[in-house]
Amino acid sequence: MNPDNPKMGFFETIANIDRRVIFLFIGFAVIIPVLLSFSCTEEATPIVQAVYDEIESLPEGSKVLISFDYGPSTVPEVQPMIDALLRHSCEKNLKMYMMALWGTGHNLISESMQDIIEKEFPHKIYGVDYVNLGYKAGNQGLINVILTDMKKMYTTDARGSEIDAVPMMVDIRNLKSFDLILSMGGGFPGIKEWVLFGGDPGNIPVAGGATAVSAPLLYPYYPRQLLGLLGGIKGAAEYESALIKGYPKFKTHSHPAIDMMGPQTVAHIVIVFFIVIGNITFFIGRKREEGEKREGGVIK
Amino acid sequence: MDSVFSHTIAAILTIGIISFLYKDNPLYKFCESLFIGVSAGYWFVQQYYANLLPKLFDNLGITKLVGAENAPEGALQALFLEGRLDDNLLYLIAGVLGVMMLLRLSPKIGWIARWPLAFTVGSSAGLYFITYFQSNAMSQLEHTILPLNSFNNLVLIVGTVTGIIYFYFSKEHKGVFGGAAKVGIYFLMITFGASFGYTVMSRMSLLIGRIDFLFGTWLGLVK
């Protein structure tokens with residue numbers, strides 16, 4: 001019974017609930033698990049395990065191109081994927097070539113290099129084990145060009161060094177020189193463009209991580225054109241779990257995606273609860289309306 | 001101390017944006033305007049240094065012409081000082097097309113902007129048609145022709161065929177055809193549901209990111 005309107009029943013009150021009440025519930029559903037550090041265990045699904053297995057199978061010194069195709073607005077989702085992939089690549093002694101198709105990706109490369117490679121793997125040498133190629137404009141046009149000639153577009157690295165003076169760039173001719181392309185992002189240009197303009201024409205393995213919003217659009221490319229995909233924070237959490245399973249020493253490192261799955265789960269339960277309640281009130285309301293129509297009464 | 005100050009500013013801006021959930025207010029308006037302004041400024045500078053300066057001004061030699069230090073010689077210097085046509089002179093066409101695009105801002109001569117737009121659309125369509133056709137049509141088609149030897153393959157084939165049938169409007173959706181179209185609707189609804197679920201997860205991740213920042217990074221309440 002609604003005290004403001006005694007004639008309004010429970011279901012009418014629920015049906016007319018202020019949306020801010022729902023926001024409040026969602027807010028608490030996120031804040032409380034964050035404060036309590038509630039997290040869930042994750043198991044890698046085949047689509048995530050495929051990315052892990054591909055990196056795991058690469059021999060030492062293999063060349064991996066990592067494209068930072070995202071911006072600060074999607075950092076909470078994409079950064080945990082990047083962190084886990086960089087740790088895995090460093091552990092496997094792969095050569096990491098970092099570039100960006102997004103203007104905002106340039107700074108994110110520098111941050112990732114500082115936070116993960118330089119801090120956790122200080123023995124890695126810039127120019128020998130990893131390089132920052134920075135941002136280049138051109139979207140899929142850029143991929144089209146570097147498919148045949150990498151150095152036509154990249155004459156220097158992001159620090160301004162001549163590209164041929166960077167030791168790990170000496171034997172790079174084009175995209176076909178890489179053993180794996182990883183595109184991390186979720187918008188345009190992103191994984192789809194890497195598949196269409198890099199992977200497919202060059203027959204180069206492409207994998208990546210995408211925001212959850214764009215992940216469903218990429219599933220049609222799996223597994224033939226896209227060998228694996230980390231979809232949203234769940235994909236990132238699954239990859240972190242696989243990494244911890246393979247390399248238990250990483251358990252003590254930060255694993256933000258696994259940490260985020262607790263609040264994520266609680267928030268989803270609250271949303272599902274509201275969807276169920278909303279549907280029940282909708283059907284009850286419709287049934288009552290039909291009943292009133294049959295009796296020839298006025299719809300209240 | 002610097003990080004405390006910057007985190008506090010970031011926290012105030014975050015709270016300002018979230019405050020819209022209660023109702024529109026001046027703090028939200030300020031944060032929104034600031035975000036748009038900063039984004040526009042960032043992108044302008046980024047595009048200037050990534051595109052205009054190296055590709056247009058440097059290649060044409062305009063940077064050298066205005067007397068910038070260490071600027072490379074460009075196509076204009078080659079033309080007027082050495083009397084030869086440099087390949088980079090082609091960037092002049094791109095520059096002119098760019099200027100033509102900006103004429104859209106003038107109502108009287110805005111029609112001129114249609115020409116560079118037509119050029120961009122035409123050249124993009126020509127350049128990318130084969131790639132899109134090969135990867136998005138042929139490869140997808142090839143990968144859908146599968147043996148019916150597993151449940152996954154069966155779902156994929158039935159989903160694809162019935163989904164296409166639903167969008168075929170030249171024949172009335174009745175009988176077996178109508179039944180197949182109805183199955184197609186269910187596949188579409190499940191797809192939309194999955195997309196919606198992923199969208200919720202994506203938005204929640206962003207919210208969790210901000211909450212973690214407010215309570216963890218800023219207030220230090222998260223262990």
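Among contacts in chain B between residues at least 6 apart in sequence, what percentage join residues at least 24 apart? For chain B the figure is 20%, where two residues are in contact if their C-beta atoms, placed from the backbone, lie within 7 Å. This tour concerns a predicted model, in which local features need pLDDT of at least 70, side-chain atom pairs count only at pLDDT 80 or more, and totals for chains, interfaces and linings use all residues. Residues are numbered from 1 along each chain as its sequence is written, while chains are lettered from A and ligands numbered from 1 in the order in which they are written.

**Stop 1: chain B as a whole**

The order along the sequence is α-α-α-α-α-α-α-α. With a radius of gyration of 28 Å, well over the 17 Å that the globule rule gives for 223 residues, chain B is more spread out than a compact globule. The radius is taken over C-alpha atoms, and the globule rule is 2.2 Å times the number of residues to the power 0.38.

Turn the view along the principal axes: the C-alpha trace of chain B spans about 75 × 55 × 40 Å. Of its 223 residues, 10% count as buried. A residue is buried if 20 or more other C-beta atoms lie within 10 Å of its own, exposed if 12 or fewer, and partly exposed in between, with C-beta atoms placed from the backbone.

**Stop 2: two asparagines in loops of chain B**

Select B:Asn88, in the loop between α4 and α5 (91-102) of chain B. B:Asn88 counts as buried because 20 C-beta neighbours lie inside 10 Å. Beyond its neighbours within four places in sequence, B:Asn88 is in contact with B:Asn59, B:Leu60, B:Gly74 and B:Ala75. Next, draw a C-alpha to C-alpha distance from B:Asn88 to B:Leu141: the two are 53 residues apart in sequence and 42 Å apart in space.

Move to B:Asn70, which is found in the loop between α3 (62-65) and α4 (75-81) of chain B. Its phi is near 60 degrees, a positive value in a residue other than glycine. B:Asn70 is exposed, with 6 other C-beta atoms within 10 Å.

**Stop 3: the packing of α7(B) against α8(B)**

Select residues 151-166 of chain B, helix α7, together with α8(B). The two helices pack at an angle of about 110 degrees, with their axes 7 Å apart. Axes are lines fitted to C-alpha atoms, for helices over the stretch in contact, and angles run from 0 to 180 degrees between N-to-C directions. That angle makes α7(B) roughly perpendicular to α8(B), a term covering 65 to 115 degrees, whereas angles under 35 count as roughly parallel, over 145 as roughly antiparallel and the rest as oblique.

Show side chains at the contact.

**Stop 4: the contact between the chains**

Now show both chains. Their contact takes 34 residues from chain B and 35 residues from chain A. On the chain B side, α2 (26-60), α6 (114-142) and α8 (175-218) each supply at least two residues, and α8(B) gives the most, with 16 residues. By class, that side has 17 nonpolar, 15 polar and 2 charged residues.

**Stop 5: chain A and its domains**

Select chain A, which has 11 helices and 6 strands. Its radius of gyration is 24 Å, whereas a compact globule of 300 residues would have one near 19 Å. Buried residues make up 44% of the 300 residues. Among contacts in chain A between residues at least 6 apart in sequence, 75% join residues at least 24 apart.

Colour domain 1 (14-39 + 260-295) and domain 2 (46-254) of chain A separately; these bounds come from an automatic or database domain assignment. The C-alpha centres of the two domains lie 38 Å apart.

**Stop 6: backbone details in chain A**

Finish with A:Pro189, in the loop between β4 (180-185) and α8 (191-202) of chain A. The peptide bond from A:Phe188 to A:Pro189 is cis, with omega near -10 degrees. A cis peptide bond also joins A:Tyr222 and A:Pro223, with omega about 5 degrees.

Terms used. Helices (H or I, at least four residues) and strands (E, at least two) are DSSP runs, numbered from the N terminus. Ala, Val, Leu, Ile, Met, Phe, Trp, Tyr, Cys and Pro count as nonpolar, Asp, Glu, Lys and Arg as charged, and the others, Gly among them, as polar.
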